[in-house]
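The sequence and structure come first, and the notes follow.

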Amino acid sequence: MTALGDLLGPPLLCPAIIPFTATIAVPYSLFRIMHQFTCLPPLALYIHFPWCVRKCPYCDFNSHEIRGELAERAYIDALIADLEQELPRIWGRTVNSLFMGGGTPSLFSADGIDRLLSALRARLTFAANIEITLEANPGTVEQYRFAEFHAAGVNRLSIGVQSFQNALLEQLGRIHDGKQAIRSAEAAHKAGFDNFNLDLMFALPGQNKQTATDDLHTAISLSPSHISYYQLTIEPNTLFHKHPPVLPNDELAWAMQCEGQSQLTTAGYNQYEISAYAQTDRQCRHNLNYWQFGDYLGIGAGAHDKITDMAQQTITRSWKIKHPDTYLAKATTKHRIAGSRILSEDDTTLEFMLNTLRLTNGFNNDLFQQHTGLKLSSIEQALQTAESNGWLIRDNEYIQPTEQGQQFHNDLVTLFLPT
Ligand SMILES: C[S@@+](CC[C@H](N)C(=O)[O-])C[C@H]1O[C@@H](n2cnc3c(N)ncnc32)[C@H](O)[C@@H]1O
Ligand code: SF4
């Protein structure tokens, strides 16, 4: 059983690489599994790129500073070998979105990404309108490289701007400055990307309300289709955890969040998740699939996945070896897998709530039944408590978190822990 603390830690930035606690394997037969799937959830593919130019002091993602030459060819071969061994788990299914995340995938050459995408297309069925996102750091890309990524088939970028203020960027240990951040968004437009995201963080060391507002103002002026606005969190095993910087207090951080919400909404970016804002029809389909508890296959060092098996009536989570060197050495063998577990009924309910209650629109009855294989009546008691606490509202179809429910997301989800 996964401890709630492990699930409720950081903001759910990228569930495919959130470290779930490795649990003691419990024989399948010991669970009272009552899933009854009548159809499979949609499927996404996550590919992890574990290297960065420099490790940022706040980052707890599976990212490692490059030492020496980037093992590009070997890593792409490893990804293809990893995928080939996973194919039986997803036979016949269509991939609706693909996300290349990191780390810094934009360190890889366009030729490398092209070779990878060609290998994927030859082995998988891509939906005709598949969303293919690549994460890029300003400071590692120029316009011609964006154009080459676009030609290779990437149709969405996610650019890690964080801030446009040089003093803040320095505090965050970033390798780029404000001008480079602006240039990368301009380059994305010029390279033909009409769909790209800018990542910004707030409640940064030394930040005030005005600089937070200025950052959003600059981001909006660059017309991305999507903006992710994350509150900086201090994670264990980071340099910031060891040497904590002075952060804005809770009151100021809350004021920045509220101000940001209204600034973004006024500019036409609608909030659809705690940290995600998009222009009409420009939500990130890949992340939406995580938040709707869809299925995803994970390839690469430290990648996680969640796959529903109709024949077995199970949901399995698996994760790959984290360290890039060890992953490279084991990619062609079953030892690339660091662990896996079948979700119990209780885990399934909790994880569904943890994800869907991050969404402004919450979920409906059909989504619950289709993606968990369970009946909504199994959580009726907890739903009623959440409603009476003012954390949820319900009509005949939808179950939505209220503003208070979103603010107290952890408390809300705790109601769905097994009693
Ligand atoms: C997986 S990271 C990788 C993106 C890319 N490598 C970069 O940093 O430019 C995705 C985003 O998560 C956010 N992030 C990472 N660590 C965070 C933290 N401790 N608190 C809040 N947001 C964080 C940043 O906005 C970052 O752009
Ligand atoms: S560039 Fe991104 S992934 Fe790499 S260390 Fe910094 S925040 Fe983490």
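N289 is found in helix α10 (residues 285-291), where helices (H or I, at least four residues) and strands (E, at least two) are DSSP runs, numbered from the N terminus. The model is predicted: local features need pLDDT of at least 70, side-chain atom pairs count only at pLDDT 80 or more, and totals for chains, interfaces and linings use all residues. Residues are numbered from 1 along each chain as its sequence is written, chains are lettered from A and ligands numbered from 1 in the order in which they are written, and side-chain values use heavy atoms, with hydrogens and water left out.

With a relative accessible area of 8%, N289 is buried; the term means under 20% relative accessible area, against over 50% for exposed and partly exposed in between (1.4 Å probe, protein chains only). Apart from neighbours within four places in sequence, N289 is in contact with P42, A44, G294 and D295, contact meaning heavy atoms within 4.5 Å. R394 lies 105 residues from N289 along the chain, and the C-alpha atoms of the two are separated by 22 Å.

S225 belongs to the loop between α7 (209-221) and β8 (226-231). Its relative accessible area is 2%, so S225 is buried. The side chain of S225 reaches the backbone nitrogen of F196 at 3.0 Å. F196 is also among the contacts of S225 beyond four places in sequence, together with D194, N195, Y269, A278, Q279 and R282.

| Residue | Phi | Location | Relative accessible area |
|---|---|---|---|
| Q162 | about 70° | strand β6 (residues 156-162) | Q162: 7%, buried |

G103 lies in the loop between β4 (94-102) and α3.

The remaining notes concern helix packing. Two packed helices are described by the angle between their axes and the distance between the axes. Axes are lines fitted to C-alpha atoms, for helices over the stretch in contact, and angles run from 0 to 180 degrees between N-to-C directions.

Helix α2 (residues 72-86) and helix α3 (residues 110-123) have axes that come within 10 Å and cross at roughly 15°. The two helices, α2 and α3, are therefore roughly parallel to each other; angles under 35 degrees count as roughly parallel, over 145 as roughly antiparallel, 65 to 115 as roughly perpendicular and the rest as oblique. On the α2 side the contact is made by E72, R73, I76, D77, L79, I80, L83 and E84, and on the α3 side by G112, I113, R115, L116, A119, L120 and R123. By class, this contact of α2 with α3 has eight nonpolar, one polar and six charged residues. Ala, Val, Leu, Ile, Met, Phe, Trp, Tyr, Cys and Pro count as nonpolar, Asp, Glu, Lys and Arg as charged, and the others, Gly among them, as polar.

α3 also packs with helix α4 (residues 143-152), at an angle of about 10° and with the axes 9 Å apart. α3 and α4 are therefore roughly parallel to each other. A110, I113, D114, L117 and R121 of α3 meet E148, F149 and A152 of α4 in this contact. Its classes are five nonpolar, no polar and three charged residues.

Definitions and conventions
A polar contact is a pair of N or O atoms within 3.5 Å; within protein, one must be able to donate a hydrogen and the other to accept it, and residues adjacent in sequence count only if both atoms are side-chain atoms.
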